[in-house]
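Visitor: I have a chain to look over today. Can you walk me through it?
Guide: Gladly. Here it is.

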Amino acid sequence: MDICTRRAYDDIADNDGYRVLIDRLWPRGVAKEDLELDEWCKDIAPSEDLRKWFDHDPEKWDDFQKRYRKELDSNEVCEALIGHARKGRVTLIYGAKDEDHNNAIVLRDYLKEKLG
């Protein structure tokens with residue numbers, strides 16, 4: 001039961017396991033075949049309104065986490081990702097430049113809590 005994160009622009013690792021893109025928008029400049037995804041899960045991404053409001057502003061990080069977690073509470077896709085994580089490593093792929101303030105971090109922590 002391992003959930004990790006990786007930027008879409010990083011090299012693919014042999015031990016990434018189940019690779020899922022968790023952004024609503026495709027990462028700029030990345031060819032679909034280069035990501036070697038198992039799934040593109042747009043529905044797990046923050047809502048369009050939340051994404052635009054946050055705009056990767058670290059000042060809004062705490063509020064963003066709360067709001068995104070609230071959206072995740074009613075998102076059925078989380079259960080599918082938890083199911084994959086029970087079988088092996090899941091790598092959440094994201095496109096944001098900021099590696100410390102992005103939806104993948106929130107989702108990873110949220111899923112780990114749900115896994116218990």
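**Contacts, sheet and helices**

Visitor: What does tyrosine 18 touch, leaving out residues up to four places away in sequence?
Guide: Tyrosine 18 touches Asp38, Glu39, His84, Arg89, Val90 and Thr91. Contact means heavy atoms within 4.5 Å.

Visitor: What should I know about the model and its numbering?
Guide: The model is predicted: local features need pLDDT of at least 70, side-chain atom pairs count only at pLDDT 80 or more, and totals for chains, interfaces and linings use all residues. Residues are numbered from 1 along each chain as its sequence is written, and side-chain values use heavy atoms, with hydrogens and water left out.

Visitor: Where does tyrosine 18 sit?
Guide: In strand β2. Strands (E, at least two residues) and helices (H or I, at least four) are DSSP runs, numbered from the N terminus.

Visitor: And how far is its C-alpha from that of arginine 51?
Guide: 25 Å separates the C-alpha atoms of tyrosine 18 and arginine 51. Along the chain these two are 33 residues apart.

Visitor: Now the sheet. What is the strand order?
Guide: β1-β4-β2-β3. The sheet is open, has four strands and pairs in parallel. Two strands pair if DSSP finds at least two bridges between them.

Visitor: Which strands are at the edges?
Guide: β1 (3-7) and β3 (39-40), each pairing on one side only.

Visitor: How many bridges join β1 and β4?
Guide: Five, in the parallel sense, with β4 at residues 90-94. Cysteine 4 has threonine 91 in β4 as its bridge partner.

Visitor: What about α4 and the sheet?
Guide: α4 packs on the sheet and touches β1, β2 (18-21), β3 and β4. The direction of α4 makes about 130° with that of β4. Axes are lines fitted to C-alpha atoms, for helices over the stretch in contact, and angles run from 0 to 180 degrees between N-to-C directions.

Visitor: Is β1 mostly covered or mostly open?
Guide: Mostly covered: four of its five residues are buried. Buried means under 20% relative accessible area, exposed over 50%, partly exposed in between (1.4 Å probe, protein chains only).

Visitor: What lies across β1 and β4?
Guide: α5, running at about 170° to β1. Its buried residues include Ile105, Leu107, Tyr110 and Leu115. The buried residues of α5 pack against β1, α3, α4 and β4.

Visitor: Switch to α3. Which residues are buried there?
Guide: Trp61, Phe64, Tyr68 and Leu72. They cover an arc of only 70° around the axis, which puts them on the same side of α3. The arc is that of the directions from the helix axis to the C-beta atoms.

Visitor: Why would that spacing line up?
Guide: An α-helix has 3.6 residues a turn, so residues three or four places apart point the same way.

Visitor: What's on the other side of α3?
Guide: Asp62, Lys66, Lys70 and Asp73, which are exposed.

Visitor: And what do the buried residues of α3 pack against?
Guide: α2 (48-54), α4 (77-87) and α5 (103-115).

Visitor: Last, the whole chain. What's the pattern along the sequence?
Guide: β-β-α-β-α-α-α-β-α. That is five helices and four strands.

Visitor: How much of the chain is buried?
Guide: Buried residues make up 41% of the 116.

Visitor: What does the C-alpha trace span?
Guide: About 35 × 35 × 20 Å along the principal axes.
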